[in-house]
Structure formats: structure tokens, C-alpha cells
Amino acid sequence: MTPVPTNQQQALVERLMNACGGSYSPEVRRRYYISGPQWAAAYPGHALFHAPTRDDVSIEGAIEAYGKIGIPYWATHDTDVIPTDKLFGDEQWAIVERIQKALDNNGLKCSMVTTETFHHAVWAASPAAEAPEVRAYAAERLKNTVHIGHKLGAQFAVYWPGSLGYFVQGAVEETETLKWYADGLNAACDADIELAKQYNRPTLKHCMEAKPFEPQAEILLPTSDAMLAFIYSGLLKHPDMVGLNPEYLHELMWGAAPRAALARALMCNKLFHFDINDGYRLKHDVDIAVGLVNPLDWLNVLVLLRSHGYNGPFNLDYKPPRTTSNHGVFAVSFPTAVDRFITLWEMAGDAIADPIIKEATTALRAGGGPVADPRDVDAITRNNRELLSLHELIAHRLFQILIGAHRGRHYMV
Ligand code: XLS
Ligand code: MG
Ligand code: MG
């Protein structure tokens with residue numbers, strides 16, 4: 001084996017990327033409501049046990065790279081772009097202006113803004129801590145993010161409560177903490193109503209994002225379902241303005257079927273925004289890029305969303321692996337993530353239109369016909385016994401669509 005000299009490695013990666021083929025043009029990619037977060041582009045590969053492996057990526061660097069790839073929207077936490085001690089003042093607004101310029105220069109729009117309420121030491125006891133000054137500060141931060149959102153033309157504000165939970169039991173009174181958390185969201189929505197008037201824009205869509213574990217040991221709103229209950233709990237002043245930003249992996253982490261979790265959000269008309277990535281059940285929030293672990297499940301998720309006309313953002317909330325270089329982040333990681341998403345989205349269209357799946361689904365819904373006595377359990381069971389084999393047949397057909405067998409692709413031994 002011949003070693004690959006360092007000055008030829010990028011060229012090798014590029015050549016093999018081209019050899020893979022099947023990439024969409026930036027124009028095609030821009031037709032989809034895909035957003036690239038600043039934090040995903042700038043993630044340097046660090047974690048609890050990991051030192052960073054990559055260099056910093058600037059605001060302009062991320063936006064320019066997204067523009068070239070064809071990622072049409074950009075999203076950010078407040079402190080991804082504004083140092084904590086520069087928030088609220090003139091320096092913040094100068095940075096916001098810089099961001100707008102970079103977005104304009106590269107043909108991107110800001111879709112979403114979110115407040116970091118988990119990293120800084122001030123959030124040690126959560127954004128809904130006992131101390132009123134912490135909660136007042138949290139409200140200021142949320143209102144400020146809404147303001148930045150209006151300034152940048154965003155449509156969505158996301159809330160991942162992060163440290164809303166505890167490590168040791170008994171000290172925190174959960175119902176009180178949840179009421180305090182609602183106060184923060186209420187302040188953000190009230191501010192939004194005022195700012196929307198001022199900027200002559202619609203109010204933002206406020207989207208809650210659940211994660212079952214991390215960063216605290218116990219989380220007070222661990223799932224999208226818990227958040228739905230919170231939205232309808234009576235604690236929110238504007239429940240109509242608040243919905244969900246489920247994250248694919250966050251649902252998988254607690255053992256859910258992500259498709260079923262999304263269905264429950266759809267039933268309530270609360271699926272506002274969707275963080276897309278992949279990973280493993282009952283494990284950490286590894287944020288692997290979409291489709292690399294569970295492509296069949298992803299196909300199923302997109303069939304559901306397409307058939308319900310979901311038209312919100314698909315936010316690339318994943319972490320390029322720490323083995324990927326700074327060059328690789330934009331040459332391999334982002335374009336391939338976008339292209340797998342588009343491919344799966346198009347396959348979902350194939351699945352919806354597939355004549356075999358259609359006929360099987362219709363037959364299942366028709367059942368075997370009425371039985372003479374509607375209480376005759378044996379007759380009812382017998383009546384559609386053979387039809388039920390279609391469940392597995394449909395799953396097989398979805399697998400065929402995933403591997404292209406429905407288009408005549410076959411393997412020979
Ligand atoms: C963290 C979350 C975070 C949110 C936005 O696990 O996924 O990245 O999407 O704060
Ligand atoms: Mg997320
Ligand atoms: Mg995650």
C-alpha cells in the first residue's frame with residue numbers, strides 16, 4: 001500500500017467524492033427548505049472526553065460555504081455569534097449587521113434563531129432556577145433573541161431548555177420550576193407580539209425542542225409529548241404561538257419511534273420545525289448526519305411528512321464527525337448530508353405514488369367485507385386474515401424503494 005502524502009489527501013477525497021456521483025446541484029438543493037446551523041458548521045469536534053480536532057469557522061466562513069453548497073437557510077444560537085458579554089448592546093447589533101451582510105452576499109436567509117440556555121455557568125441551576133434574577137436574565141435573553149430574529153427576518157425561534165432538570169433529587173420542586181419556565185416563554189411571546197408590530201412582520205413560530213437526557217441527569221420536559229402537554233397545560237399565555245421542533249435523534253434516544261412521535265405532533269398541528277440527524281437508540285446525542293444509521297426509518301419518516309404536507313424547515317442539526325477535517329466539513333459532510341436528505345425525500349415521493357403500496361394499503365383499509373354477525377370474533381378474524389400479510393409486503397416494498405429495486409435494480413450471486 002502506498003502512503004498518501006498530506007498534500008494529496010484533499011485531492012483524493014475530492015476524486016472519490018466525484019466518483020460517488022449522485023450529487024445534486026446547488027440550484028436543486030436550494031429548492032428544499034433546508035437550514036444549516038452556525039453551530040454545526042463551526043463544531044470543532046470537542047466533547048466531554050474529546051479535544052477539538054478542527055479549527056474555528058467564522059460566521060462569514062460558514063455562511064459562504066453554505067451558499068456554495070446550496071443550503072438556502074442559516075440558523076444560530078445567540079452566543080454562537082455574539083459573545084455572552086457583548087449581548088444586548090451596540091456590539092451585538094454590529095455583529096447582527098455583519099451577519100445580514102454575509103447572508104445577502106451569499107444568497108441565504110436566516111430561518112431560525114435560538115437562545116443558548118445551557119452552556120454558560122449562569123444556567124447551572126437551569127434557566128428556570130430558584131433565584132429570580134436568573135429567571136429575569138433568562139427572560140431578557142429570550143426576548144433579545146426574538147429581537148435578533150426579527151432583525152434578521154427569521155420565521156422561527158427554537159427553545160431547547162437544556163439544563164431544565166437536575167442532578168440530585170428533592171431540591172427542585174418540578175411543578176414550580178415548570179411554571180417559572182413558562183414565564184420565560186410568555187415573556188418571549190409577549191415581546192414577539194410587540195416587536196412584530198414594530199417591524200411590521202408576522203410573529204415568530206416558537207418551537208420547543210425536547211431531549212430525554214443530557215445535559216442534566218433528569219430532564220423536566222424530556223420528550224416532544226411532554227412538551228405538548230406543557231403547551232396545553234394552561235401555563236402558556238399564547239399556546240397558539242408555541243409548537244415543537246422535534247429532533248430525530250432526541251426521540252430515538254428515549255426509545256421512541258420517531259415517526260410515531262412526529263405523527264403525534266402533526267395531530268396537534270404543532271410540528272413547526274424539524275431537526276434532522278441520525279444516531280442510535282438509548283445512547284448519547286451523537287448527532288450523526290441524516291440517513292447514515294437508519295435510512296429505512298428515515299424514508300418512513302419522510303413518507304409521513306410528505307403525505308401530511310409538512311412544509312417547515314429541515315434543520316441540519318448534526319455534528320460532522322471529529323475525524324472529518326475542516327476541508328471535509330464543507331467538501332464531504334454537508335453536501336452528502338443534504339444529498340441524502342433530498343434522495344430520501346424523493347424516495348418518499350416514490351413510496352407515496354407506488355402502485356403496489358397503494359393497492360396493498362387500499363386493500364387493507366377495505367378489509368374482507370362485512371360479516372353476518374358483527375360480534376362474531378372468529379368470522380371477523382378470518383375475514384381479513386390473508387390481507388394482513390400485506391403489512392410485511394409493504395415493508396419489503398419500502399426496502400426495495402430504498403435500494404432502488406422498484407426501478408429494476410437487482411443483485412445476482
Ligand atoms: C442540543 C440541541 C440543540 C438545539 C438548539 O442537543 O439539539 O442543538 O437544536 O439549541
Ligand atoms: Mg436539535
Ligand atoms: Mg442532537
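How many bridges join strand S4 to strand S6, and do the two run parallel or antiparallel? I noted that this is a predicted model before looking. I found four bridges between S4 (residues 156-159) and S6 (residues 205-208), and the strands run parallel. For Phe156, I read Lys205 as the bridge partner in S6.

I followed S6 to its pairing with S8 (residues 242-244). Three bridges join these strands, again in a parallel arrangement. I looked up Cys207 and found Gly243 as its bridge partner in S8.

Next I turned to the magnesium ion (ligand 3). I listed its protein donors as Glu247 (OE), His250 (NE2), Asp285 (OD), Asp285 (OD) and Asp287 (OD), at 1.9 to 2.7 Å from the ion. Along the chain, I see these donors follow the spacing E-x2-H-x34-D-x1-D. I then checked the magnesium ion (ligand 2), which lies 4.7 Å from the magnesium ion (ligand 3). Glu247 coordinates both ions.

Last, I checked helix H14 (residues 355-366). Its 12 residues, at 1.5 Å a residue, should span 16 Å, and I found the end C-alpha atoms 16 Å apart, so the values agree. At the N-terminal end of H14, I noted Asp354 as the cap, with a side-chain oxygen 3.2 Å from the backbone nitrogen of Ile356. Just after H14, I recorded a positive phi of about 65° for Gly367.

Methods
Residues numbered from 1 in each chain as written. Chains lettered and ligands numbered in written order. Predicted model: local features only at pLDDT ≥ 70, side-chain atom pairs only at ≥ 80, totals over all residues. Heavy atoms only, no water. Expected span 1.5 Å × (residues − 1). Polar contact = N/O pair within 3.5 Å; in protein donor to acceptor, adjacent residues only side chain to side chain. Pairing = 2+ DSSP bridges. Donors = N, O, S within 2.8 Å, 3.2 Å for Na, K, Ca; no water.
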